[in-house]
Every structure is written in C-alpha cells, then in structure tokens.
Amino acid sequence: MLAYLIRRLFAAAVMLVVIVMVVFGIFFLIPKWAGVDIALSFVGKQADPAAVEGVREKLGLGDPIYAQVWEFFKGIFAGRTYTGGGDSIHCAAPCFGYSFRSEQAVWPTLTDRFPVTLALALGAAVLWLIFGVSAGVLSALKRGSLWDRGAMVIALSGVSLPIYFTGMLALSVFVYGLDLFDGQFVPLEDSFSGWFGGMILPWVTLAFLYAAMYARITRATMLEILGEDYIRTARAKGLKEQTVIGKHAMRSTMTPLLTMLGMDLGALIGGAILTETAFSLPGLGQAVLNAIKNQDLPVILGVTLITSLAVLVANLVVDILYAVIDPRVRLA
Amino acid sequence: MTAPLHEPTAEAAPSAAEEASVATSGAKAVQGRSLGRIAWERLKRDKLALTGGIVVLLLVVVALLAPVITSLLGQDPNEYHENLIDPLFGTPTGSLGGVSGDHLLGVEPVNGRDILARVLYGARISLLVGFLSAVVAVILGTVLGILAGFFGGWVDSLISRVMDGLLAFPQLLFIIALVSVMPNDMLGLTGSNVRVFVMILVIGFFGWPYIGRVVRGQTLSLREREYVEAARSLGAGRLYILFKELLPNLVAPIVVYTTMMIPTNILTEAALSFLGVGVKPPTASWGQMLSSAIDYYESDPMYMVVPGVAIFITVLAFNLFGDGIRDALDPKASR
C-alpha cells in the first residue's frame, strides 16, 4: 500500500508541473502564436499605452519563455514582486497571479470563492451518488417494470437538459411560482439554515444531471454483473438475495463507478460553474464570468490553475479509495 | 463539458424474442449480411431511436433552411420590434411573451426581436459546432487511439497518459480559457465566425480522448485476433493490417461514440455561449438567448423556455438516436 501511495504521489507531483506548464502555455504561448499582444490582454483592451508597457515589463514578457515559466512557478511557492513601469507590486505566496485591472492579487479572490464552489460540488456529489446509484440498482433489479421505465425516462431527460436551464426552471417554479425557497445566497457564517435553504436548489440542480448519468450506468453495470456466473453460484449455494446483491453484486458495480467519479470531477467543476451562474452564487464560476466580462485574464488563469489542482488532489483521494475497495489495483 | 461521455451502457438491448426472430430469419436466408445491414434491421425495430433519428434529420433540414423559413414567415432574426415592448417593464406586451400570428413564439424583451427566427438561426450554430467538433475529435481520437493500441510501448504510455490527463482536467474551464485568449480575427475570419471556428477546434480537441480510449482498447484486443495473426503470417505489412484488417472493425465503435459525442458538444457550445465566450451578439445562439433570459425568468418565462426546450429536444433526439445506434451496432447486444 505504501509503495502504491508513493507512486501515486509522485505521479501527482509530475501532473502538477505539467498543469502549470499547460496553463502557462494557454495564457502566454498561444496568444503569442496567434499574434495577440499578451500585455494588452492582461490589462484590458482599453488601457493606456503606458500601463500596457508597465505590465509588459512587470510580467517579464521580453524574457525567454523558460524564465517566464520559472518566475510564474516560483511565485506560487515563494511569492513574486512585479517591478516595472516605475512601480513595483508585491504578490505574497502563494501567488497565483495579480489582476492589473482590479489591482488585487488573485489568491484572496480564489480563497474567498473556493468554499462556495466546493460546498456546491460536494453536496451535489453526495446527493447524486445516493439517488443515482440507488435508482440504477433498483431499476436493474426490477428490469422492465414501470419503475424501471419511469426512472430511465427521467434519467434520459436529465442528461439531455442543460444544467443552467434546469436551474432557471427550478428558480422560476420553486422560488417565483411556489415561493418555497428564498432563492438568495446566504453566507455560511451568517446563518446555517439560511445557507442551507439557499443551497438546496443548486445542489439538486447540479445533482440531477449526474444522478441521471449514474443511474443509467449503474443500471447497465448491475445488469451485466447479475448475469455473471459467480452471482449464479452465490444464489445456488443458498445465499440470501440480500447478500447476493449487497455483498457480491454491489462490490463489482462500485469499482467502475469509482473510476467514473474520478474522471467526472473535472467535468463537475464545469457543471458547478454553470450552476453558480444560474443561481448567482458567489463561487469560482461567478469569478470567471466576471473576469470574462472585464477581460481580466489573470483571474481566469488563477481559477483554471486552482481548480486543476483541486481536481488533482481529489483524483488522488479517489485513487487511494479505489485501492482500498479493490486490492488488485495496488499491484497494477 | 458538463455531460461527459461514458462507456456505452448496454441497456435497451433487443429482447430475446426479437433476437430469436433475427436469428431465424438469418437462418432462412443463408447468406452473409454486412454489419450495416444487421444494424439497420435492428434499428428499424427500435421506435424510440427512429423517432430520435427523424427529429435529428428534421433539425438539420430546419437549420439548413433557416433563412428560407424565416423569410417565408416574414421575419428577420435581427429586426427590432420595439412597438411590441411594454416601455415600463421592458417585457413584451400581450400574453405568453408576445405570442401572436406574426411572432409564433413571441418576441424578446427590450428590443422585440422575433424569438422563432432567432431559435431557427441558433440551430445552425449548435448543429454546426456539434457536428464539426465531433469530426475533429473523431479524427484525432482514431489516429492517436490506433497509434497507441497498435504500436504499444512508449507510444502507448505517452498517448494514454495524455488522454488520462485531458479527461481529468476541468475541461469547461480550459475551453473558456482557450476561447478567451484567442484573437478577435484570424485566418481572414471575423466576429462570430472566429468564435465558431475556435469552439469547433477546442471542443473537438477536448473530446478526442473519449474516442481515443475506446479505439485504443479495441485495437489492443483486435490485434491479437487470429485473423490478424493469419494476415501477418501471410506476410501482410503493418499498413495493410492497419487499414484492411483493423480499421473496418473499428468503424462500429467509432460511429457509436461519434453519435454520442454530438449532443455533448452541442451542450458545451450552448454552455460557452451562455457564459459569454461563445458566438458574439447579434448572432443568435441558444446558449446566449438563455443567458439573456436569465434576467427575465420571473417577468417573461417564455423567453427562457423556447431556447431551453430547443436545446432539450435536440440533445434528447441525438441521445435517443445514439442509444439506438449503439444497441444496433454493439456486438454484445446479440448475447
């Protein structure tokens, strides 16, 4: 297990370096190849020439690429001082960039907003795993029944609805139409019940899409496994149906689901961004949206980087869980 | 990408009775049937899939003929009808968001553009980006998947690591990042055309690992089959085996994944336009209509329902059709 853990940690460290390089490439190299003035896109397109020159100097855009990547990478661990254009700005570690537009370091924005996105994603994940997996298992056990058909029709609609449209429908029905919820985000520090009430609709909206997807896949996996010989053997030796399903079938159903969960974490961030936008939650998604509107590239860069890192860490956790559930994985 | 693709789910397989009838009819006429023929016979019996397929066809026709249809209706997607707007609230006068004989699905708040005309034009963007980005993904995924599966070794390790990495990334964010650093005009394109071009490339780029994984897995198992060995022992070259022995057997999974990828790509395009990095106004797109409708979900729900339902029907039709194609082509379904 220890060897497996060390191997995974090493792989994660390599991925971290790769992610930083890819993100750097997207924001610095691609615009350069495409012939866009990077300094201009970092200050906003209406900035005066002096400010643009200052930013060019501050970011060291004239330096060789490897030096730029190094400065960027070093900033994350040691902080960074941007000097140029007659002034100098210090960005404390961990420096995930500096917005020359709002004249603020990006990191505080990220730490302010990350908990909202995390709470949204985690709450939705709990909901969808519970409801999606149990709906899928029930459908598989009662294959062809009214329940099965109904659940699969709902699931198919669920995967075909854009998440923000579901959110807008939920808002207009439950908040505006039936007046069941407030529809306002309340910070957790202010009131737990207010926060919880405000998060229910976003959780359900985000969970609906994934619950639908997981129900479909759980059903298919379960059906396949129920046809396996070892299930017949388990039944033949007189085990209770409960044990056959709960112990033998479920364990094999869970492994592919866990692999999927690891792969979906990245996509989940995308879903969370869209959900936040529909419900005006002050999370990372809203930060990205504002940054797009204000052409504030450093914020987009920071959010992309921090969420990639979050996904990396979450994947590490899933990998470890995976090894716990399925011992074969450790040896692979 | 908010709705990632997964392994095909082997549900809704033709029932045992249907299978038996296929088997007996096959036995009566003792002649080889191509995979396409078998698949078509199965597909014909799958009513849901056929419905999906017909809706998809209709959508394509509607998208292609959007200018004709709108001019027949006497509407233009960019024409303002401010006389139909309540000056006090900015919402359309009349019931259901200004539905009338002239404006069958109502008009937009504030400037009163015809919603039907805009939805029709929006279909063009959605389908164009959905199809072409799938083509990009299929080409990249097939080539790299075959390379990885066929050559193995370090080529396989490298391609597989890249695929794993891409699949785990927060793709939507990377797509947003890429689209937002792209210039406003390139290769002679301007305005919305640039965005459409960039979206096709970027969505396609992030989609290839889904196809690549499947193609790699299939290639890995196919290259060990007896018929490949037979070909090899007869002295067939690598290229011959690749194109004559492997590729024909990869067509089925590639077709399945392509049909399943199109709806995902349509959703991604809509999401990007919803977030404001997609096509630029005044070009109509469903995602962008929804994003402006967000301010009117209380006062003018019709404005949000029309593009939302358009996306829903399109994606649902593709999903139904894709499920049907998968069941028809999946060799496992004949168990």
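What share of residues 48-69 of chain B is helix, and how far apart are the end C-alpha atoms? I looked this span up before anything else. The chain is 95% helix and 0% strand there, with 28 Å between the end C-alpha atoms. Helices here are DSSP runs of H or I with at least four residues, strands are runs of E with at least two, and both are numbered from the N terminus.

**Ground rules.** I am working with a predicted model, in which local features need pLDDT of at least 70, side-chain atom pairs count only at pLDDT 80 or more, and totals for chains, interfaces and linings use all residues. Residues are numbered from 1 along each chain as its sequence is written, and chains are lettered from A and ligands numbered from 1 in the order in which they are written.

**Transmembrane record.** I checked UniProt for chain B. The unreviewed entry annotates "transmembrane region" at residues 48-69, 125-150, 162-182, 194-215, 246-266 and 302-322. Such annotations may be inferred rather than shown by experiment; feature names are shortened and positions follow the numbering used here. I then looked at residues 125-150 of chain B. That span is 100% helix and 0% strand, and its end C-alpha atoms lie 37 Å apart.

**Confidence.** I noted ipTM 0.80 and pTM 0.82 for the model. Within chain B, helix 5 (residues 115-151) has the highest confidence, at 89, and helix 1 (residues 16-28) the lowest, at a mean of 47. I flagged residues 7-27 of chain B, where pLDDT stays under 50. The model has 26 contacts beyond four places in sequence for them.

**Chain B against chain A.** I counted residues in contact, meaning C-beta atoms, placed from the backbone, within 7 Å. Chain A gives 53 residues and chain B gives 44. On the chain B side, helix 6 (153-168), helix 7 (171-181), helix 10 (238-275) and helix 12 (301-329) each give two or more residues. Helix 7 of chain B gives the most, nine residues. By class, I found 33 nonpolar, nine polar and two charged residues on this side. Nonpolar covers Ala, Val, Leu, Ile, Met, Phe, Trp, Tyr, Cys and Pro; charged covers Asp, Glu, Lys and Arg; the others, Gly among them, are polar.

**Domains of chain A.** I took domain 1 as 14-95 and domain 2 as 109-331, with bounds from an automatic or database assignment. Their centres, taken over C-alpha atoms, are 36 Å apart. Nine residues of domain 1 are in contact with ten of domain 2.

Key. Contact = placed C-beta atoms within 7 Å. pLDDT = per-residue confidence, 0-100.
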